[in-house]
Amino acid sequence: MMMMKVLCIMMICMVGVAPYAAALTCGDVNSKLTPCLNYLKHGGKVPVPCCKGVKGLNAAAKTTAEKKTACGCMKKAYKHLSGIKEDNAIALPKKCGVSIPYKISPHTDCNKIK
């Protein structure tokens, strides 16, 4: 009987924590987009590791909350990293063959993302 109680408590804990364990963070966003910095600042050819990161980020941001998080993290990056050209950022997803529901811009309202 005691073993059943322990198993039930473990299951409740696993179910309760699971949705938060896989949550997208700004660290995740930054690590996936770091290979893109040279392109974002100077343009030119988009490096393969950059597109790999963009595709990975797109795959990781599945829920509305995750998309809003990714958007907010990118907006923070704009503020902390000087020299990012908005036109390059806006063009990046398309150049990597990815479609996202918003523009990568410091002016994007992340709360409107669905």
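This short talk goes through the disulfides of one predicted model.

A word on conventions before the details. Residues are numbered from 1 along each chain as its sequence is written, and side-chain values use heavy atoms, with hydrogens and water left out. Because the model is predicted, local features need pLDDT of at least 70 and side-chain atom pairs count only at pLDDT 80 or more, while totals for chains, interfaces and linings use all residues.

The structure holds four disulfides, a disulfide being a pair of cysteine sulfur atoms within 2.5 Å. Counting bonded cysteines along the chain, the pattern is 1-6, 2-3, 4-7, 5-8.

Let me take C26 and C73, whose sulfur atoms are 2.0 Å apart. The torsion about their S-S bond is about -90°, so this disulfide is left-handed. C26 lies in helix α2 (residues 26-33) and C73 in helix α5 (residues 64-80), so the pair ties together parts that are 47 residues apart in sequence; helices here are DSSP runs of H or I, at least four residues, numbered from the N terminus. C26, at 25% relative accessibility, counts as partly exposed, whereas C73, at 3%, counts as buried, where buried means under 20% relative accessible area, exposed over 50%, and partly exposed in between, with a 1.4 Å probe and protein chains only.

C36 and C50 are also joined, S to S 2.0 Å, and here the torsion is about 105°, so the disulfide is right-handed. Both of these cysteines are buried.

Finally, C71 is joined to C110, and with -75° about the S-S bond this link is left-handed. C71 sits in helix α5 and C110 in the segment after α6 (86-95), 39 residues apart.

Methods. Helices (H or I, at least four residues) and strands (E, at least two) are DSSP runs, numbered from the N terminus.
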